[in-house]
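The sequence and structure go in first.

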Amino acid sequence: MSAGTGGLSTALAAEHAAVYAYGVIAARTTGELRATAAAAFRAHRVRRDRLRTLITERGGVPAEADAAYALPVTPSSAAQAVELAVLVEQGVTTAYLELAADDDAVLRRMAALAMQECVKRSYGLRPEIEAFPGMPPGTVPPAPSTPSPSSSTAATPGPEEDGVRTS
């Protein structure tokens, strides 16, 4: 599926909202959190500008940013600022999913890198692993079970056997 400008427009809308949200976060925080928000603001602005260029190069007209966006959280504390930033990063990650499935390898790579950056920023703010976009929270697909040759019950590798750390 070649997205033309559809997937690019979806990602652009998310980047517009992210730039707005990080402007609010930076204005309402201090210290290290403000520096983190300012860096995220700049990173999302660069991605936004690149998306605008790609849409134009493909013959589309990039949407302009709204004057303001309804934020799910209006930060009045550091904890609320972090909550908003994590929600922003999750939203932007989700917006890039359509591009990650595009026929154009350049767009797929760009989407994958953008999603990776969003997850890294989110994890840096709140070191928790969320379900991947599209998966309901708290769901982990069950590991496939195979019958053990020495028993009739299914064997599932433990954490020490499959390299997954639990705690």
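At what angle do the axes of helix α3 and helix α5 cross, and within what distance do they come? I found that the axes of α3 (residues 78-95) and α5 (residues 105-125) cross at roughly 160° and come within 9 Å. Helices here are DSSP runs (H or I, at least four residues), numbered from the N terminus. Axes are lines fitted to C-alpha atoms over the stretch in contact, with angles from 0 to 180 degrees between N-to-C directions.

I noted that the model is predicted: local features need pLDDT of at least 70, side-chain atom pairs count only at pLDDT 80 or more, and totals for chains, interfaces and linings use all residues. Residues are numbered from 1 along each chain as its sequence is written, and side-chain values use heavy atoms, with hydrogens and water left out.

I wrote down that α3 and α5 are therefore roughly antiparallel (an angle over 145 degrees). Their crossing is left-handed (the near helix is turned anticlockwise from the far one by less than a right angle). I listed the contact (heavy atoms within 4.5 Å): α3 gives residues including Val82, Ala85 and Glu89, and α5 gives residues including Met115, Cys118 and Arg121.

Next I turned to α2. Helix α2 (residues 31-57) and α5 have axes that come within 12 Å and cross at roughly 165°. That makes α2 roughly antiparallel to α5. I recorded this crossing as left-handed. Among the residues that meet are Leu33, His44 and Leu54 in α2 and Leu107, Glu117 and Leu125 in α5.

Methods
Helix = DSSP H or I, 4+ residues; strand = E, 2+ residues; numbered from the N terminus. Parallel < 35°, antiparallel > 145°, perpendicular 65-115°, else oblique.
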